[in-house]
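Student: I'm new to this structure and would like to learn how to read it. Could you walk me through it, one feature at a time?

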Amino acid sequence: MKIGVLTSGGDAPGMNVAIRAVVRAGANNGHKVYGIYDGYRGLLESNFKLLNHHSVSGILTLGGTVLGTSRVPEFLDHEVRVQAAENLKKKGIEALVVIGGDGTYRGAMELTKLGIKCVGLPGTIDNDIAGTDFTIGFHTAVETIVDAVDKLRDTSTSHQRCSVLEVMGRKCGDLALYAGICGGAEFIWTPENPIDKDKMLKQLTKYKKEGRRHAIVVLTEKQVDPHALAEEISAKSGFSSRATVLGYIQRGGSPCPDDRILASRMGNYAIELLNQGIYGVAVGVRDNRMISMPFNNVVGQERPKNQLYSLVKKVS
Ligand code: ADP
């Protein structure tokens with residue numbers, strides 16, 4: 001079989017590990033694997049290159065994606081997707097492994113309807129995909145954020161400050177949740193755990209009076225303006241407060257061991273599924289086992305509330 005592999009949407013550490021696994025497992029099973037460059041744009045431009053064992057050597061440790069990624073709004077247009085599927089068929093590529101998030105899965109679901117055998121791997125730092133306990137890149141991003149929390153704590157303690165740290169996650173608070181727990185944050189404010197600001201300010205005032213030398217608030221993006229929050233904390237709690245928006249640093253870096261293992265397993269599993277004639281599915285890990293679910297059961301679906309919230313103080 002000729003199989004294409006592409007990365008799409010937001011990049012995530014570990015995407016290269018997944019590419020490597022797909023290429024090598026594919027070749028080991030007698031398939032030809034083509035790298036498709038810059039996500040769905042590569043389908044429109046027929047930007048394909050045959051990859052082999054050697055082409056993916058040395059990429060295991062690299063952050064980002066060697067295939068490049070993009071956002072292609074035209075792909076929402078049916079006619080454009082028909083052309084993309086035609087370009088693949090012209091080259092004899094009948095299957096496609098896509099590595100990306102929810103939007104990427106939506107594109108793959110449509111391509112499956114057009115006769116391309118698609119398998120999706122969850123590549124996003126946000127851990128916001130239903131049907132998997134973890135996404136490729138999440139663990140590395142948590143490490144990056146924990147490092148930031150630890151460093152902020154050092155300077156917060158020295159200056160007796162309250163640090164507000166905004167992290168990514170879109171509608172999923174897992175990055176803030178994991179990093180907040182690992183870094184001992186006083187408050188973790190996420191979409192799943194919204195915080196009553198007045199109650200938080202009261203508690204911070206109490207902490208300050210008790211003589212605490214620092215406090216950390218970890219916040220998922222788009223919940224509240226972090227700078228305005230820091231100003232209010234400074235005005236009302238007795239702590240002087242500063243906001244840090246971590247931004248794209250969270251997307252970078254060499255994948256950590258957990259992400260390398262996850263991406264290797266998922267890449268191999270994608271080939272196993274195609275060998276068995278299974279497609280139109282997204283791969284996940286559930287209770288440390290590889291699973292697959294039809295795209296339909298994954299896209300736009302809510303994830304259950306993370307059990308780790310039982311460790312988090314409720315301030316609502
Ligand atoms: P992610 O995959 O990280 O969620 P995006 O939401 O940006 O990132 O989606 C990546 C790409 O997938 C988009 O740029 C677009 O080309 C394609 N895509 C997104 N939504 C759809 C859709 N409903 N139908 C077809 N293609 C889509």
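Tutor: Happy to. Keep in mind that this is a predicted model.

Student: How do strands in a sheet hold on to each other?

Tutor: Strands of a sheet pair through backbone hydrogen bonds, either parallel or antiparallel. Here, strand 4 (residues 95-100) pairs with strand 5 in the parallel sense, over 6 bridges.

Student: In what order do the 7 strands of that open sheet come?

Tutor: Reading across, the order is 3-2-1-4-5-10-11, and the pairing is mixed. At the edges you'll find strand 3 (48-51) and strand 11 (289-294), each pairing on one side only. From one strand to the next, the twist averages 30°.

Student: Which strands does helix 1 touch where it packs on the sheet?

Tutor: Helix 1 (residues 15-28) touches strand 1 (2-7), strand 2 (32-36), strand 3, strand 4 and strand 5. Compare directions too: that of helix 1 makes about 160° with that of strand 4.

Student: What about loops? Is Thr124 buried or exposed?

Tutor: First find its place: Thr124 sits in the loop between strand 5 (117-122) and helix 5 (138-159). Then look at the relative accessible area, where under 20% counts as buried. Thr124 has 8%, so it is buried.

Student: Which residues is Thr124 in contact with, leaving aside its neighbours within four places in sequence?

Tutor: They are Ala12, Ile129, Thr135, Ile136, Gly137 and Phe138.

Student: Over how many bridges do strand 6 and strand 8 pair?

Tutor: Strand 6 (residues 161-167) and strand 8 (residues 215-220) pair over 6 bridges, in the parallel sense. To spot the pairing, find Leu165, which stands opposite Val218 in strand 8.

Student: How do I read the way two helices pack?

Tutor: Look at the angle and the distance between their axes. Helix 7 (residues 197-210) and helix 8 (residues 226-236) pack at about 45°, with axes 10 Å apart. The two helices are therefore oblique to each other. The crossing of helix 7 past helix 8 is right-handed.

Student: Which residues make the contact?

Tutor: Helix 7 brings Lys197, Met200, Leu201, Leu204 and Thr205, while helix 8 brings Leu229, Glu232, Ile233 and Lys236. Sorted by class, this contact of helix 7 with helix 8 has 5 nonpolar, 1 polar and 3 charged residues.

Student: Why is helix 6 described as largely enclosed by the rest of the structure?

Tutor: Count its buried residues. In helix 6 (residues 174-182), 7 of the 9 residues are buried, so the helix is largely enclosed by the rest of the structure. Those buried residues are Asp174, Leu175, Ala176, Leu177, Tyr178, Ala179 and Gly180. Their cover includes helix 5, strand 6, strand 7 and strand 8.

Student: And what follows helix 6?

Tutor: Gly184 does, and its phi is positive, near 65°.

Terms used: Residues are numbered from 1 along each chain as its sequence is written. This is a predicted model: local features need pLDDT of at least 70, side-chain atom pairs count only at pLDDT 80 or more; totals for chains, interfaces and linings use all residues. Side-chain values use heavy atoms; hydrogens and water are left out. Axes are lines fitted to C-alpha atoms, for helices over the stretch in contact, and angles run from 0 to 180 degrees between N-to-C directions. Helices (H or I, at least four residues) and strands (E, at least two) are DSSP runs, numbered from the N terminus. Angles under 35 degrees count as roughly parallel, over 145 as roughly antiparallel, 65 to 115 as roughly perpendicular and the rest as oblique. A crossing is left-handed if the near helix is turned anticlockwise from the far one by less than a right angle, and right-handed if clockwise. Contact means heavy atoms within 4.5 Å. Ala, Val, Leu, Ile, Met, Phe, Trp, Tyr, Cys and Pro count as nonpolar, Asp, Glu, Lys and Arg as charged, and the others, Gly among them, as polar. Two strands pair if DSSP finds at least two bridges between them. Buried means under 20% relative accessible area, exposed over 50%, partly exposed in between (1.4 Å probe, protein chains only).
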